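Let's take a friendly walk through this structure, one topic at a time. Have the sequence and the 3D view open as you read.

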Amino acid sequence: MDDSLIIRSKYLIPDPPPFAICRKRVESMISEGFKKNFLFVVGSSGSGKTTAISLYLSKHKLKNAIYIRLTEEDANFSIFARYIVAGLRKIGMKSVNFENIMGANSRAYILSAYVINKVEDFKEDVYLILDDFHNVENSETLNFINPIFNNRIPNFHVAILSQKKPSMKIGKEVMKGNAVLISEKDLYFTEKEFLTLAEKVGMKISRTNAERIFKRTEGWPIGVVASIKLYSKGIKEFEKSYEEMFREILEAQDRKTRNLLVKISPLSEVSPSILKGYLTDEEIDILMKLPDRGAFCYRTKHGFRLQNLFRDFLLTEFEKLPDKEKYLRRLGKHFEGHDAVHSLVFYLKAKDFESAANLIRTTNFLPLGIIGFETARNLLNEVPPGYLVKLPEVALLKGEVSLRVGDVKVADSIADRILKTETTLPVRFKAYVLKISSLVFQGNYATAVKFVKEAEEIAKDFDFSKTVDFYYLAARIYYLTGQFENARKTVDILISNLNSVKNPLNRAKILNSYCIVNLSREGKFKEVEDFYGDIISMLHSYNLNADPRYYVNLAIAQMNMGKLEDAENTLEEAFEIARKLSWKERFPDIETESGFLSLMKNDLDKAERFFERVEKRRNINKFLQGACNMGRSVLMRKKRNFEKALEYAEEDLKITESMGQGAMVGESLLNIAKIYLARGDFETALEYMEKAEPLLVKGHDNFVLDNLKLLRCIAKGGDVKQIIDKIEKKEYFGILLSDSDILYQYLNETKSALQKVVSIKTLGKFEVFVKNERVPYKKFRRKGVITFFKYLLSNFPKQISIDKISDDLYRHLDLKKAKHNIYVSVSVINKLFESYGVKEMILRAQGMYGLNPGVIKSIDFIEFTELARKSKFKEMVNIYQGAFLEENMYDDWTMQIRDYISGLYVNALSNLAEKEKGAKKEVLLRKLLDADPLNEEAARSLLAYYIDNGNKSAAISFYEKIKKIYEEDYGMDLPSGIVYLFERI
């Protein structure tokens, strides 16, 4: 190889800057990335990619590290290949020769295969770091990297540093845990790291100034370094220097760019929705290039953002503009969604209440949560009372915000005042919605129903898009007052108009109503779980946060199915979103259900803490007060404090009766019956069951009635097993076991009910349950043990010989060591399950091993194949949660089963999609394309569905997505049938 063609400095590991500090969180992510063989570090210029890696390499002194800093000239694959070969030679592979490898045909896959084989033979760990990969990314370099990415070599660790995410399937592999992605945000400094860096360079910064400077740099690495250097001049000089720096940046731009920067400065973020409505095509092009031209304008998930201090400086420039009012009015005219909120803030601060009223009047979607409801209330409190009378739109907005922050009386009085005055029909209708909402919060459902009836007459005269909130509220009120027929009719109105609704938040509300009224009440909790998963995914696709209540409803469905670990994770997500959005009014909902979940897990102390927190919160509605009392009564019942349990239960009954909730009154009566049953007073328990039954029969056809049957059977000394046999196949059996102490005790004493207690999930996340309790992974002690368990599971119910097990799992070991591993695994597994009361989880006889069918209650993939044999497609889709043993994706012994099940799942979705219509068909087709992205028939069906329903934006979005999948992910041309169909738009 002609080494004279190589610039050696380009593959020397760079020294870290002298002032660099060790950041443990970044270091741990780099370590994890190298451990998983692939690490991606993505961030714009100045974000600290190279510094982070060079510091890590310097500290850990990795042997056999190949570091190549790539430039645009290296995009020529012949040059790129020479540096790869030079790197191999540098770490000791002296026999590697460029000409011998490439010859006349310098194709990427040849080099890739050679490197894979050489590194694998090398035995020692090899680290390849490609810096500034964006300079060379093309089809040839990707053809070199992708085989290495797709065929993991245990001793080959690759890090790719780039200003943009490489065109590889990174997201999927990161989700699977096969790679690590360090984003620009991960590289930002924390305040503590900022202070550490300042101390290292000898700067003494007061806490106040440190916070002040750090807030303005926003943790941006290049900004942090610049700030610390400027601070040496003193805080006043620092401010001045920063301003001068910004002025230089501004003046260095051409006139059009400078005008654009000033023009967008009133916004904290510039979202894609502005691009089409507010900026010219030329300005859009300028904005797209801005993040690459400096550290003061950068991309976020919502769009583009100006660095805080730079934005403050530009705002002063904006204030000097003679036509700034024109810009503000254009903002109000063109912005939708969260951009309209920023415009509203400007109008209110400028005391321009007429423009604020006009903005509210013309904008259907105004999510004030993005600025915080407390902030919104404070702004609206500045509006003089005279304007509130003169501009009812502003008054209504104040009422809605007041309701959000718990000022129910303010909201109620505003609604009353508007309803008593002459006003336009749209304003009157919104006042009705505000009045109904305030009544619901106060628990006055009987009066709320009256106002719903009055508002329904007005709603008929409006376009449906303006009445979604009302119908959503009406469905909830009818449902909670036991008027289920009216609730269903209202939901039918919502669902029938779903396709005409473009606003994702309103679509989510409609689907939420459908879940509660049509699915939850019927006990179809698996469908509920799927629906909420789709709702949350849909909102995330629009960069919107789901209402925490949706997560609460999802958690309730999971609890009803006995999925307690999933429910706990879901409630944690609900808390996280509520905290992030400062939606304190959602806390009591989440805490109440967390209390019920803790009761199901028999964590009584934790449950008590949750209910105490709810009780101490102010302004919670009556519905939550009743739920909290019911929870505390169950808590006391489990503690055997029956007097206190009755006290809470009777308080709950009073609340539900005062609210006129027929079905809920039935559940309160049933709760009292359980208390008497637990204390052995069967006669009184039966009396309360008799009172509850007519209310429950009228209001429920789900698990509540099954619970009633079980409790009555226990009270009368009947055959509980017979009833259990009938309901055991239903999704919600788990909650019945945990809800009644009496029933649980009875089952524990019944041998027939305890024989088969092990349930195993293999489709998606692998989980093992014994008596509905999840067996933690760590209890299997070693990864090899759990792999052995999964292997026997994949062959269930067959018994496998020790020789075949050795060949399939331990072919890299000699037979003696393989057998030792098998004996150890069997011992660990049997002892583990014995601790749960299950004897002989693994049967062994005459050198044959297999799982014991006598203790296994269910295995989902076997149930799935049985359903496929019976062509029960709907049940198949419900049970399928993901690929078979997806953690063992590359193990030979899983592939055949996984492909077979995947094929059955695709077939089931195809059959269901052919028969369904409307929103359900859309959901099924989306799932089908997730499972089989190249399914041309499904793609054409979904595109046709969007076109036929007039949803042009969805059709275009889907077409762009499927085109990207074919061309970028699979390197194929888009089928002509899809192209022809798209041209119909």
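## How the helix pair is described

Axes here are lines fitted to C-alpha atoms, for helices over the stretch in contact, and angles run from 0 to 180 degrees between N-to-C directions. Please keep in mind that this is a predicted model.

## Helices 50 and 51

Helix 50 covers residues 936–948 and helix 51 covers residues 952–969. They pack at an angle of about 160 degrees, and their axes are 8 Å apart. Angles over 145 degrees count as roughly antiparallel, and helix 50 and helix 51 are therefore roughly antiparallel to each other. Their crossing is left-handed.

Which residues make the contact? From helix 50 come Glu936, Ala939, Leu942, Leu943, Tyr946 and Ile947. Helix 51 supplies Ala954, Ala955, Phe958, Tyr959, Ile962 and Tyr966. Sorted by class, this contact has 11 nonpolar residues, 1 charged residue and no polar ones.

## Arginine 377

Arginine 377 sits in helix 20, which spans residues 373–381. Setting aside neighbours within four places in sequence, arginine 377 is in contact with Val401, Val405 and Asp407. Lysine 398 is 21 residues from arginine 377 in sequence, while their C-alpha atoms are 6.8 Å apart in space.

## Cysteines

How many disulfides does a search of the whole structure find? The search finds 0.

Methods: Residues numbered from 1 in each chain as written. Predicted model: local features only at pLDDT ≥ 70, side-chain atom pairs only at ≥ 80, totals over all residues. Heavy atoms only, no water. Helix = DSSP H or I, 4+ residues; strand = E, 2+ residues; numbered from the N terminus. Parallel < 35°, antiparallel > 145°, perpendicular 65-115°, else oblique. Left-handed = near helix turned anticlockwise from the far one by under 90°. Contact = heavy atoms within 4.5 Å. Nonpolar A, V, L, I, M, F, W, Y, C, P; charged D, E, K, R; others polar. Disulfide = S-S within 2.5 Å.
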